[in-house]
Structure formats: C-alpha cells, structure tokens
Amino acid sequence: MTAVPIAGQDDLLRVEDLKVHFPIRKGIFFDRTVGHVQAVDGVSLTVPRGATYGLVGESGCGKSTLGRAILRLEEPTSGRVLFDGTDVAALKGEPLRQMRQRMQMVFQDPLGSLDPRQNVESLLSEPLRAHGLAGGKAGIAEKIRGLLDAVGLPSAALRRYPHEFSGGQRQRIGIARAVALEPDLLIADEPVSALDVSVQAQVLNLLEELQERLGLTYLIIAHDLAVVRHISDVVGVMYLGSLVEQAPADDLYEQPLHPYTRALMSAVPVPDPEIEEQRERILLAGDLPSPADPPSGCRFHTRCPWRQETRCDDEVPVLRELGPGRLVSCHWAEEIRDGALRPRSPEEVLHAGAASRPGSGAHPRDDDPTPFLGRDEPLPRQEQG
Amino acid sequence: MSSLQAPVLEVEDLAVRFTRRGEQPTRAVDGVSFSVAPGETIGLVGESGCGKSVTSLAIMGLLPRRGVEVTGSVRFDGNDLVDAPDHVLRGLRGADMGMVFQDPLSSLNPTVPIGTQVTEVLLEHREMSKAEAQDEAVRLLDKVGIPDPGRRLKEYPHQLSGGMRQRALIAMALACSPRLLIADEPTTALDVTIQAQILELLRELVVDAGTALVMITHDLGVVAGLCDRVHVMYAGKIIETADRRDLFARPRQPYTGGLLASVPRLDSARGAPLTPIRGSARDAIPWSEGCAFAPRCDNAQDDCLTEVSGSTVPLVPDGPGRELRCRHPLEHPAAPSGATAHGAAR
C-alpha cells in the first residue's frame, strides 16, 4: 500500500501504513489482553500543503482515531506520521511539544472542549503563553483582538464564558484557539455536526476564509458527505479502519468506485423532492461489523451488494490506482464501474450471510447458491401518496 | 396524498407555555395548527429550539402537568386529548398512537431485555397470552429488519447497535398497528446508511398500513424524500406550510429559503460559498414584537418589527395549499421549475 502521489506538490502531512490497535483486556487479577480493536489498520495518505483532505466514514470506522493519532493524542501501534518531513511518532518531550504548535485541532463539541471556568480572553491567551508567543500583555491583547476579529466575534466576547455563547459562536472560539498559534495543519473532527444547519454554513465559510488568509492545510473529519465534499480537495472514505477509496472531491462524487462509497452516497438524502423521487438507492444490509473481529478478506464483503464468490471473502484488496489520483480497494472496481456486475438487494446479501452473524466477522457461507443475481432494475423505491 | 380521508389527527391553535415562578412564561409552542390523514406523512421542520419536539410531546400528552400550560385542541379521531384524563391517554398511547424518539438508548429501559419491552406493549394493549406475545414480538422484530429476532429478544439494549435499537423502538411503536406514528428525529443519531434503512421502513409503513406519520426533523433532505406536506417552524410558530414540491421549488419565507441555501448539497456545483443565515436562533425576538425571524432576515423591513392592529404577523393563505407568515416573502419568477426557483432563493 503506497501513499498517493498527488502531483509533485510538497506534502505537509504524510501518513504511512498507520495502525492504531486498542487492546481488549479481561480479568481482574490477571490483566490479560484477549484481543485488539483494530481502530485504524494500515492507513496511508498524503496531504499537500495548503490543501484540504476530507475523511468520511460512519461512526466506528476509525476516522477520529486516525486524526488523533496523527496529532499523537493517541499512540500509534505502528506506522509513520511524517509532518513536514519529521516523524511525529518518534518525537518525545520538548520537540513534540514544539511540533504540536504547528498542528492544531478543532473538536466536535465546542462546549465540551472549552473550559467552562475560563473566559474567552483566558482561553485564547493560554496557548500563546504556553508556547511563549506574542510576548507581553499588550502583545497578547492585540493578538487576541485580531483572532476574535478573524473568526467574527465581537471584542465584547473577551470577558464572557463559553456557556454564554450559542453553539456556532462557541465553535468560532474553538477555531480561534486553534489558529492562535498560527499552525500549518488544522485537524477538524466533525467541526459542524453539532450545529444547526443555518449556522453550519457560517462555520464552513469561516474555515474556508481562514484557509485562504492563513494558508492553512486542513484535515477535515466528518460523517456528512455533503459537508466534506463542499470543503475538501481530496476525499478519503474509511470503512472499518481502512481507506477504501480516495479521490479528488469532484471525481469521487461524480463516479464513486468502491461499493461502500456508492452505497454511502446513495444514502444521503438530497433536499430536492425531484431528485429524491428518481434516485437509485443502494440499501446496505445489516450493521457495521465489530472492529475487534473484522471480516476476513475485504472487510466490506459481509454487507456488499456486489460481493462475488471468489476473492472477496479471503483476499484482502489493496488500495490501487484506477485513473489519475483515484485509489480504490476493491477487487471488482472496474467491473462495477462498467456495469458488468449488478448489485443484490439487502435481503439477498443478508441471506447469503445468514449463516454468519452480522458483526461476528465470520465467513459467510460459501455454498451460497446464488452468487449474484442479475438485477437489471435499480432497487425498487416505494412511492408514497 | 390521501388527504381526502378524514384526518386522524387535528391540531388546532396548540400553545405550550412553560411557567416559572417570578418569571415571564416561555412560549415554546404558539398557535400551531395542522392535521394528518391516514397514509399521509407530514413534516415538522425547524432548528433546535423551534418547538417541534414540544409540539409532539404535547400531542401525546407527555409533558409534565406542573409548570406547563397547554391550550388549544388536539383531536384524535375527533376526541380532544388536551384535557383528556390520564387513563384515556394511556389507552391511546402505544395502541392507537405510537411515538419514536431520537435517542433509542435513553428511551429503552437498560435493565430489561428487548423482548420484555416489546411484549409489554402487546400484553397491555392487545390482551395476548405470553406465548402469543412472544411469537408476535419475533414477527415484529423480523418485520423491522432485525436479523435473528429470537436471539435478539433476550438481549439488553446495550447489546444492540444504534440502528438496531432504533428498529426495536420502531417495532414497539408498531406493535399495535397504530394509526398515528410520531417520529421525533428518528434517524438523527444514526449513520446515513442506517438512516436510509429506517426511512425505507417508515415509507413502507405509511404505504402498506396507511399509518399517518408525523415526521419531526431538522434535515431537509429527509423531508424531501418522505413528507407530503411540510410545516416549517421558527420560534414556536409555523411560518410556512406547503406541499413538499412547492416548498423546495419555491420557498417563500426567507427563513425557508435561507435554510435551503445554507445546506451543502451532494448534487450542486462545488466551490461556491454557502449562503448562511445571519446570527443564530437565539436572536429571535418575541412574536408579540413583530416577526421573530426579522433580526436575521435579509428581506426584513421596518414593518416587520412592528405589530399591526395588535396582532403578530399572521399565517395567511398563500396560493393553493400554501400558508405563509411573512410580510416580505421571497419572490420567484413565474416559471414553475425547481432549478431556477432555487437559485432565486439564494
């Protein structure tokens, strides 16, 4: 698995075969490790300077853990995180602290990530003091005023506490705190999912504006595909700890190649009745399998409407290039793209995997009499009214 | 839309006020009226704090009695529920009207197996024997798409995934084939692929069983795919009502237009900045002083902030099947095409 070469730009962030496994412990006296949750299992990606990389996936796919591991908020089990050429995973002590100044994070829940007992002035001056920037009281005060201005908060906000703000304003404080140190990389984990839709747009616009003004590089982690598409240059789709597809944002949405991406995109409701009525939905069967016991072969095969008799169950697909900048890890990506294979309905997928519990990660039955049924029509959509 | 049938639920001038000693009462819901017919899906749409969930709780009679004033009428099959005694409501809830809440983990009892919780409804309302109820519970779980229902019945809520919990909750709501189902953000806590499964399930329910569905959500995409009629709420009042197609093609209230313009869409051109609505829902002014949305509205003019003849901005008919609460609505070119009108809303 190699990282993507996106043109010849210089890469600010390079993640190589990163793994984060959490031990599952059992027993009170004998603290045995009985298994591992493979939260992130061999992810490689590259973010060029000044670009925005969007990471999408459903809950439990490991996207947040990946973001945290890049910042060393989580210890990687193996693999390398190269930030501007330096391996972050090998740093310790003061060099690590220095490095963190250049990579900051915006969290999902602004109320939970801001100290309720600190007012805005204190919240924003803390990182400056900790890193010894903008020396002197006057310098800090001026810097903070500039930050508030940059994120669109009134200077009256300085003396107020997080609970006095609305959700959108709190997220602005969180962003101001993150850009206070003039970082190169900003990792935003679900920056807008806790906000009302009318406010989401404000925060998304703010992020784009700041990127332009400060030349930031973003890694945006979100579950909302429309949000990620809007803000990202390159999008990576994660499923059960691995990247299953990566492509330039427009291409990905134009023509998703991996079955999971296709299902994910077909599941996003579009606020337009005309489109909703004509849309072909690919419903997935069942739930996400447990990352402690992931399915063999392709991790998506237990739910995949395009699963084939051969390869899918026992051969792990590698992320391979299929067109410029397009990576996909599916054995049958070309056939699916060209329409040579047809999807099965969720009932058929469930039936095929009935012998194995969804979530157990066990092999589905190999004696499935109907490897894939040619379904020429899209899945029937119930028309109401 | 089968609105020719008599409505199952008629809500008229419903108002909910939370009173606190020594403070002005808060009007969470203020003069809300709508109705739902069998086989019809209506949507109550709005952002957090607009009163959509309080409306649903008031309909079901689930608000506490102390400190809450509910006025207006909620007629279910012609019988008023607002002043109905508890035992009447208990007979209806779970039997004729079901409700699905947003967070399935906190609406299921964590100490009781799923099976017991489903059969409880059946034993209470359908007077089945335990064995019959058990069989019926298996059938229900199977119907909502829970694999291996027999084994799942013995499990506790924490052993199920979020999507499966929501299915179990829907199974409980459907246990007595209710004629009215109120779903309060049923898919908000779920992933999109699971959301698609649950929405499909609700769609089938409305079509096959003719259930009247009240869908409460903030997600305009869910509304576009599911609801026949849509009521947009803001600060406790309905500010716009329209059929789904009309609403999305020609939003008239600047708030509705603003919501549509501020959502990034999977199918729109990329790169264009979004058009957010200024401020947040906190900036709403009391309706008694004018239009609550006026402080955030681009169309607002001086008369939006004044009351006229002692009443607030009224909800008035606005073309066939539409109602609107606005003095300076968005204008749309005459062409009834969705694409151009959406552009005009920006």
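Let's start with one residue. Leaving aside neighbours within four places in sequence, Arg170(A) is in contact with Pro110(A), Leu111(A), Leu114(A), Pro162(A) and Phe165(A). Contact here means that the C-beta atoms of two residues, placed from the backbone, lie within 7 Å.

A word on the source. This is a predicted model: local features need pLDDT of at least 70, side-chain atom pairs count only at pLDDT 80 or more, and totals for chains, interfaces and linings use all residues. Residues are numbered from 1 along each chain as its sequence is written, while chains are lettered from A and ligands numbered from 1 in the order in which they are written.

Back to Arg170(A). It is found in helix α6 of chain A, residues 167–179. Helices (H or I, at least four residues) and strands (E, at least two) are DSSP runs, numbered from the N terminus. Is Arg170(A) buried or exposed? Arg170(A) is buried, because 22 other C-beta atoms lie within 10 Å. The cut-offs: buried takes 20 or more other C-beta atoms within 10 Å of the residue's own, exposed 12 or fewer, partly exposed in between, with C-beta atoms placed from the backbone. Take Leu111(A) as one example of distance. Arg170(A) and Leu111(A) are 59 residues apart in sequence, and 6.8 Å apart in space, C-alpha to C-alpha.

Now chain A as a whole. It has 13 helices and twelve strands. Of its 385 residues, 47% are buried. Look at its contacts with a separation of 6 or more: 67% of them link residues 24 or more positions apart.

Next, some strands of chain A. β1(A), residues 11–26, is joined to β4(A), residues 78–83, by five bridges, and the two run antiparallel. Strands count as paired if DSSP finds at least two bridges between them. Leu13(A) has Phe83(A) as its bridge partner in β4(A). Phe83(A) also stands opposite Thr86(A) in β5(A). β4(A) and β5(A), residues 86–87, pair in the antiparallel sense over two bridges. Their hairpin has two residues between the strands, and Asp84(A) takes a positive phi near 55° there.

On to chain B. UniProt, in an unreviewed entry, places the feature "domain: ABC transporter" at residues 9–260. UniProt positions follow the numbering used here, feature names are shortened, and annotations may be inferred rather than shown by experiment. Over residues 9–260 of chain B, the chain is 40% helix and 28% strand. The end C-alpha atoms of that stretch are 29 Å apart.

Two sheets in chain B. One is an open sheet of four strands, in the order β2-β1-β4-β5, with antiparallel pairing. β2(B), 23–36, and β5(B), 79–80, stand at the edges with a single partner strand each, so one side of each is left without a neighbour in the sheet. Inside this sheet, eight bridges join β1(B), residues 9–20, to β2(B). Leu9(B) stands opposite Val36(B) in β2(B).

The other is an open sheet of eight strands: β6-β7-β8-β3-β9-β10-β12-β11, with mixed pairing. Which are its edge strands? They are β6(B), 97–100, and β11(B), 316–317, each pairing on one side only. Six bridges join β9(B), residues 229–234, to β10(B), residues 237–243, and these run antiparallel. Tyr234(B) has Lys237(B) as its bridge partner in β10(B).

Now helix α8(B), residues 192–209. Its 18 residues should span 26 Å at 1.5 Å a residue, and its end C-alpha atoms are 25 Å apart, which agrees. The expected span is 1.5 Å times one less than the number of residues. Its buried residues include Val192(B), Ile194(B), Leu199(B) and Val206(B). What do the buried residues of α8(B) pack against? They pack against α10 (259–267) of chain A, together with β3, α7, β7, β8 and α9 of chain B. Just after the helix, Gly210(B) takes a positive phi of about 65°.

That brings us to where the chains meet. The contact takes 50 residues from chain B and 46 from chain A. The largest share of the chain B side, ten residues, comes from α8(B).

Last, the core. The largest nonpolar core has 202 residues, and Ala168(B) and Ala171(B) have the most contacts inside it. Such a core is a set of buried Ala, Val, Leu, Ile, Met, Phe, Trp, Tyr and Cys residues joined through C-beta atoms within 7 Å. Leaving aside neighbours within four places in sequence, Ala168(B) is in contact with Leu108(B), Ile114(B), Leu141(B), Ile146(B) and Leu160(B).
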